Amino acid sequence: MKKIAILTNGGDAPGLNAVIRAIVKTAENNGIECYGYIEGYRGLLDNNYVKLDSSGNASGILNKGGTIIGTSNNTNVFNLKTVNENGEVEYKDFSDKCVQNIKDAGFECLFTLGGDGTQKSSRDFSRKGVNCIGIPKTIDNDVAATDITFGYNTAVSVATEALDRLHTTAEAHHRIMVLEVMGRYAGWITLESAIAGGADCALIPEIPYDINKVIDKINRRKAKGKQFSVIVVSEGAREKDGEMSIKRTFDEGKGLDNVRLGGAGEKLAGRLEEMTGIASRATVLGYVQRGGTPSAYDRVLSTKYGVKAVELAMKGIFNVLVSYKHGEMTYVPLDDVVGKDSVVGAASSKNRTIEMDDPLIHVARQIGICLGD
Ligand code: F6P
């Protein structure tokens, strides 16, 4: 193996640069040249790439947020939105052009750093004969077939720090403080930060909540002399028989990236204030969870992912996702990650959400965190 390429695609996550660095260093140690496509699949389509060099552009990046090679959202090259000369929207498949670009450049393996949308395209490229290796990136921790994605630990740490800060102001003012965190349709960030940050309630998409159960919890605290409460709510959480809070949809909401969630925190704080008479405030943590320096844990995890990915490529193991299972780096077929369906442009049905028998659910319940049920 002589030449490989990396792309980073979808929403960014802390640790992307740490993975890039690990791939570049491992590749160079083994006499392999490494290149990076600029802005994810967009760069692949435009044939826009740069050489990565551990003593040049890929140096000093371990602790940096974002990605030195850029990323793009909503660039599904198998079904890309275009506008024709009559101003009409048309969806086109540009994947053959991308495959040709890879062949012309002489890249023997494409490393795809991304969440499930990115891995779905990776799987589809592998079906077209490209050697692909996926690495699971997302703060949401919702990629199937791996126990943890890189970026997630940093997001949980950021949410935990926010909860620590909300606690003191909640206590000072005798308020209910609601913190809305990201995670899309999975409640991982909510549940872990609620445990780490000592929240009273954790409301996750997997358990549509009963507002009366949340109020019971607040009242039980009051009865014990606690004049304040702190609640973490997922952006994808909803009340029993209620709707998810959607800020905006694009392209009729088809596909994972075409639904922008938001508002769950405001909605909950409003309902609680109305029903309890206790002053309630919502804070939306937003993109702070994704930006900035990765935690030490994420730097190590990202480095492990990058090293393993190059080792797999050198062994000729392709069309897999590098996966972290039971404390060890391993790999799984991309089909196991995104599902076997071949509906072009559709979101994967295999997102890893929290199962009700997950040990985190048990721990949360045992220490009295109200899950809204
Ligand atoms: O998937 C990561 C994530 O940050 C989600 O938690 C959030 O819902 C979404 O991306 C926001 O996406 P965008 O960058 O398109 O606003």
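When I say contact, I mean heavy atoms within 4.5 Å. With that in mind, and leaving aside neighbours within four places in sequence, F111 is in contact with I4, A5, I6, L7, I23, I133, A309, V310 and A313.

Please keep in mind that this is a predicted model, in which local features need pLDDT of at least 70 and side-chain atom pairs count only at pLDDT 80 or more, whereas totals for chains, interfaces and linings use all residues. Residues are numbered from 1 along each chain as its sequence is written, and side-chain values use heavy atoms, with hydrogens and water left out.

F111 also belongs to the largest nonpolar core, which has 66 residues, and F111 is listed there among those with the most contacts, together with I6, I23, L113, I133 and I135. By such a core I mean a set of buried Ala, Val, Leu, Ile, Met, Phe, Trp, Tyr and Cys residues joined through side-chain atoms within 4.5 Å, where buried is under 20% relative accessible area, with a 1.4 Å probe and protein chains only. A second, separate core of 26 residues includes C98, F107, V130 and C132.

Turning to the sheet, seven strands form an open arrangement in the order β3-β2-β1-β6-β7-β14-β15, with mixed pairing; strands here are DSSP E runs of at least two residues, helices are H or I runs of at least four, both numbered from the N terminus, and two strands pair if DSSP finds at least two bridges between them. Because β3 (49–52) and β15 (328–333) each have a single partner strand, one side of each is left without a neighbour in the sheet.

Notes: Buried < 20%, exposed > 50% of the residue type's maximum accessible area, 1.4 Å probe, protein only.
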